[in-house]
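Dear colleague,

I am handing over the structure below, together with some notes on its helix packing and backbone. Please read them alongside the coordinates.

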Amino acid sequence: MYAEFYNLSSKPFQLTPDPRFYYNSSTHKKAMAYLTYGLNQGEGFIIITGDIGAGKTTLVGHLFDELDRDRFVACKVVTTQIGADDTLRMVAAGFGLPTEGADKATLLLRIEQYLRAQYRAGKRALLVIDEAQNLPTRALEELRMLSNFQEGEHALLQSFLLGQPEFREKWALDPELEQLRQRVIATHHLEPMTAEETRGYILHRLELVGWNNDPHFSEEAFSAIYKYTNGVPRRLNSLCARIMLYGAIEELRTMSAEVVEDVIADLERDNRAASAKLQDASQLSQLKHKLDDVAATAGFRSNGTGGDYGASLDEISRRLDVLEQYVRMHDQTIKQALDLAAKWLEDSGEQHDKPAE
């Protein structure tokens with residue numbers, strides 16, 4: 001909607017990573033330099049880490065766009081919580097190899113034969129693992145084993161590992177990854193962009209879709225955007241998309257700091273509502289677990305399955321009897337207290353009404 005209103009060729013701010021919009025900030029420039037260095041070395045591991053939304057995927061997408069396909073074959077694997085064998089399976093599939101019904105030995109053999117064939121054809125193989133923080137230690141060790149494939153003195157596979165900050169601690173501190181650490185030739189952690197880079201990032205994206213200073217962003221608007229997003233690309237995209245949509249709906253030609261603050265207030269309300277729903281869901285889940293625990297103790301579960309219903313009813317009846325006794329005792333205690341209070345008041349009144357002698 002806002003693209004049409006502002007006469008843009010497409011939306012410049014989207015949450016889905018798009019290498020067309022790669023912006024060469026200082027931190028991304030360094031990361032790209034390390035990746036290029038790794039390609040030239042042709043061996044070992046390059047590790048790039050960064051917070052969520054720091055631009056790791058866009059960085060690799062840009063690298064893939066720049067790769068000379070006559071010299072390189074590349075595959076990218078985005079991991080979830082998968083085991084070592086499944087990691088090998090995904091690597092094989094990423095290189096276009098058949099995996100159905102193949103055991104680990106077969107997968108390794110196919111990958112090795114493929115890498116040797118590429119080497120003989122004058123091509124080098126590049127493997128990129130995204131979200132590497134999700135990989136268990138054994139899976140990382142399997143990747144390290146792949147780096148052992150050689151043709152003479154030349155390694156057959158170059159690997160880049162991308163992950164969130166916790167992966168930096170994992171590969172650096174896990175004692176079982178010592179051999180992997182010895183093969184790491186460079187690392188870089190993506191930092192948030194500066195205020196000036198944030199401004200350049202926004203203008204860069206706008207210009208790529210034919211922006212002609214409509215809408216105009218004031219300097220105060222840029223400052224407000226940076227203050228809220230701290231220069232994190234995904235947060236920038238999310239906020240700027242909302243600003244552009246808001247501007248189109250309100251038919252604005254200038255984005256001021258006040259406009260940015262209004263949109264941020266809307267975003268915060270949405271975030272609070274989403275958090276409240278998550279909290280409610282969490283509390284309901286906890287309550288259900290407690291009910292399940294109580295029901296399990298009593299002999300049956302909240303979904304009506306399992307248990308000895310006869311024994312459960314007996315237990316419930318016993319607890320009700322105990323509860324009834326407590327209630328009766330409390331009633332008696334309260335009644336006695338009220339009787340004593342009434343008597344004390346009555347005695348006090350008599351003393352007060354008695355004439356002085």
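The notes below begin with a helix pair and then turn to the backbone.

This is a predicted model, in which local features need pLDDT of at least 70 and side-chain atom pairs count only at pLDDT 80 or more, while totals for chains, interfaces and linings use all residues. Residues are numbered from 1 along each chain as its sequence is written, and side-chain values use heavy atoms, with hydrogens and water left out.

Helix H10 (residues 219–229) packs against helix H11 (residues 233–250) at an angle of about 135 degrees, their axes lying 9 Å apart. That angle makes H10 oblique to H11 (angles under 35 degrees count as roughly parallel, over 145 as roughly antiparallel, 65 to 115 as roughly perpendicular and the rest as oblique). The contact (heavy atoms within 4.5 Å) involves Ile225, Tyr228 and Thr229 from H10, and Arg235, Leu236, Leu239, Cys240 and Ile243 from H11.

Turning to the backbone, aspartate 214 and proline 215 are joined by a cis peptide bond with omega of about 10 degrees, and proline 215 sits in the loop between helix H9 (195–208) and strand E8 (216–217).

Asparagine 7, although not a glycine, has a positive phi of about 60 degrees; asparagine 7 is exposed, with a relative accessible area of 66% (buried means under 20%, exposed over 50%, partly exposed in between, with a 1.4 Å probe and protein chains only). Glutamate 131, also not a glycine, has a positive phi of about 55 degrees, and glutamate 131 is partly exposed at a relative accessible area of 22%.

Best regards

Technical notes
Axes are lines fitted to C-alpha atoms, for helices over the stretch in contact, and angles run from 0 to 180 degrees between N-to-C directions. Helices (H or I, at least four residues) and strands (E, at least two) are DSSP runs, numbered from the N terminus.
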